[in-house]
Amino acid sequence: MWRDVVEQPWYLSPAGWLLELGSAMHGADAAPHLPLALPGIDTTARLGTGSIERLFDTLKAQVAGKRIETTLGDKPVAFTIDDIDARFDRFGAAMGQVNGLSLTAVEPMFDGLHAQRLTVSARNVHTRPSVHPILVAAPLEVVVVADWPQATALLKHYADKVEIEPLGEQRLRVRYNGTRTRNGWVDARLVSEGGRIELRPLAAGWGRWLRRGGLTAISSIPIATAVTDGVRVVDLTVDSETVTVVLRIDEMSIPYRKLLAYTPEQHGRRSTE
């Protein structure tokens, strides 16, 4: 009666997880003993030293160097995977855990806004067993690097009345381009410490008028760091060429089936060479 059941990868089934854990507990050279063959599960697939490693090996082989196009919420997202680095130990892998996971991508795009590259480092990466297993990471650190034209486009998108001009390492000139204040500016030092990011004025000018020092009326200008629930900016650095933003995501989860759906071979419409 099971002849027409299509065999599925071990990691898409709770029974598959039991098989894999069993092979780890019995050792690489001893197969787990089950009372009967389980329909729809490849009972010959054994953990050995593989486990969740096979999932990431498959994912890396299928998406590395490919352009991935998908959505986040209702916004278009695209990026080209440069590398996926996942590190394991044998028993942790059998439990669906990853010791360390990092991903690098180039030319990321979100809702028409572009950057040069991004790096994602995930901690506490583990599998949440269920009928459809879910990969969970908490927290994640995302480092986004953009050049100034890209950063300016982002600023215009979200704060179109503010103009920023780089002056060097952690130094900026800020202009508010309203009608009455378009000739005014403030030079400031960008400071990031203790989870707080702020601008500390160094000088101010209006037309030919210039003042340096003694700017005690405004000791600092806080920069909002909350992006959305569970996502915030934890560091911000600038120089004359680039802007680097570090984001912290408290937790992210994705079903295995959805993760594998990003592979170009399975869904060509979601990615291009």
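This is a predicted model: local features need pLDDT of at least 70, side-chain atom pairs count only at pLDDT 80 or more; totals for chains, interfaces and linings use all residues.

Student: What makes E3 and strand E4 a pair?
Tutor: Two strands pair if DSSP finds at least two bridges between them. E3 and strand E4 (residues 113-114) have 2 bridges, in the antiparallel sense, so they meet that rule. Residues are numbered from 1 along each chain as its sequence is written, and side-chain values use heavy atoms, with hydrogens and water left out.

Student: What lies between E3 and E4?
Tutor: The two form a hairpin with 2 residues between them. Aspartate 111 sits in that turn and has a positive phi of about 55°.

Student: Which other strands pair with E3?
Tutor: Strand E2 (residues 75-87) runs antiparallel to E3, with 9 bridges joining them. Here isoleucine 84 has leucine 103 in E3 as its bridge partner. Strand E5 (residues 117-122) is also antiparallel to E3, over 6 bridges, and leucine 118 in E5 stands opposite alanine 105.

Student: What holds paired strands together in general?
Tutor: Backbone hydrogen bonds do, and the pairing can be either parallel or antiparallel.

Student: Why is phenylalanine 110 called partly exposed?
Tutor: Buried means under 20% relative accessible area, exposed means over 50%, and partly exposed is in between (1.4 Å probe, protein chains only). Phenylalanine 110 has 31% relative accessibility, so it counts as partly exposed. Its place is in strand E3 (residues 100-110).

Student: What makes Phe110 part of a nonpolar patch?
Tutor: Patches take residues with over 30% relative accessible area and no salt bridge; like charges are joined within 9 Å, and nonpolar side chains (Val, Leu, Ile, Met, Phe, Trp, Tyr) within 5 Å. At 31%, phenylalanine 110 passes the area cut-off. Together with Leu154 and Tyr158, Phe110 makes a nonpolar patch of about 300 Å².

Student: How do you know that aspartate 83 and lysine 60 form a salt bridge?
Tutor: The rule asks for a side-chain nitrogen of Lys or Arg within 4 Å of a carboxyl oxygen of Asp or Glu. Aspartate 83 and lysine 60 are at 3.4 Å, N to O, so they qualify. Aspartate 83 lies in strand E2 and lysine 60 in helix H2 (residues 52-63), so the pair ties together parts that are 23 residues apart in sequence. Aspartate 83 is partly exposed at 31%, and lysine 60 is partly exposed at 35%.

Student: Arginine 196 and glutamate 198 also form a salt bridge. Which of them is buried and which partly exposed?
Tutor: Glutamate 198 has a relative accessible area of 7%, so it is buried. Arginine 196 is at 45%, so it counts as partly exposed. The structure holds 11 salt bridges.

Student: Where is the salt bridge of aspartate 250?
Tutor: Aspartate 250 bonds with arginine 232, the closest N and O atoms being 3.1 Å apart. Aspartate 250 is in the loop between strand E17 (242-249) and E18, while arginine 232 is in strand E16 (residues 231-238), 18 residues apart.

Student: What makes E6 and E18 edge strands?
Tutor: E6-E7-E18 is the order of an open, antiparallel sheet of 3 strands. Strand E6 (126-128) and strand E18 (252-255) each pair on one side only, so they are the edges. Strand E7 (residues 134-137) joins E18 through 4 bridges, with leucine 135 opposite isoleucine 254.

Student: How much of the chain is buried?
Tutor: Of its 273 residues, 37% count as buried.

Definitions and conventions
Accessible areas come from the Shrake-Rupley method with a 1.4 Å probe; for residues, only the protein chains shown count as cover.
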